[in-house]
Amino acid sequence: MGAYMCIASNGVPPTVSKRIMVNVHFHPVIHVPNQLVGAPLGTDVTLECNVEAYPKSINYWVRDTGMSDFVRLTSI
């Protein structure tokens, strides 16, 4: 991604140029460093999920148990 410049010259002045921006769109790539996290009941735990994507992704956690326990999520 970034700026690129096309320059055209054929020996007849003037040399001309055109600047363009290139944005590469790609699907999200996810890396979860700890696949299994344990903690005593009632204590805080940090779940880490690193995501690289363009355009920027929307990230969230979903529990597969269907239980509605209180969970506070903080995105860093």
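Predicted model: local features only at pLDDT ≥ 70, side-chain atom pairs only at ≥ 80, totals over all residues.
Confidence in the chain is lowest in strand 4 (residues 50–54), with a mean pLDDT of 92, and highest in strand 2 (residues 16–22), with 95; pLDDT is the predictor's confidence in each residue, on a scale from 0 to 100. The mean over the chain is 85, and 86% of the residues reach 70 or more. Residues are numbered from 1 along each chain as its sequence is written, and side-chain values use heavy atoms, with hydrogens and water left out.

The secondary structure consists of zero helices and four strands. These elements follow one another from the N terminus as β-β-β-β. Both kinds of element are DSSP runs numbered from the N terminus, with helices being H or I over at least four residues and strands being E over at least two.

Of the 76 residues in the chain, 1% are buried. Buried denotes a relative accessible area under 20%, exposed one over 50%, and partly exposed the range in between, with a 1.4 Å probe and protein chains only. The chain exposes about 7,500 Å², of which carbon and sulfur atoms supply 58%. Accessible areas come from the Shrake-Rupley method with a 1.4 Å probe, and for residues only the protein chains shown count as cover.

A nonpolar patch on the surface is formed by M1, V24, F26 and V29, which together have about 350 Å² of accessible area. Patches are made of residues with over 30% relative accessible area and no salt bridge, where like charges are joined within 9 Å and nonpolar side chains (Val, Leu, Ile, Met, Phe, Trp, Tyr) within 5 Å. A salt bridge is a side-chain nitrogen of Lys or Arg within 4 Å of a carboxyl oxygen of Asp or Glu. F26 counts as partly exposed because its relative accessible area is 30%.

Contacts, defined by heavy atoms within 4.5 Å, were examined by separation in sequence. Among those between residues at least 6 apart, 19% join residues at least 24 apart. In strand 1 (residues 2–8) lies G2. Apart from neighbours within four places in sequence, G2 is in contact with I20, M21 and V22. The C-alpha atoms of G2 and V24 are 9.1 Å apart, at a separation of 22 residues in sequence.

Strand 4 contains N50, which is partly exposed because its relative accessibility is 35%. When residues up to four places away in sequence are not counted, N50 touches V29, I30, H31 and P33. N50 and P28 lie 22 residues apart in sequence, with a C-alpha to C-alpha distance of 10.0 Å.

C6 is exposed because its relative accessible area is 52%, whereas C49 is partly exposed because the corresponding value is 32%. With a disulfide defined as a pair of cysteine sulfur atoms within 2.5 Å, the count is zero.

Most peptide bonds are trans. The bond from P13 to P14 is cis, with omega near 0°, and P14 is in the loop between strand 1 and strand 2. A cis peptide bond also joins Y54 and P55, with omega about 0°; P55 lies in the segment after strand 4.
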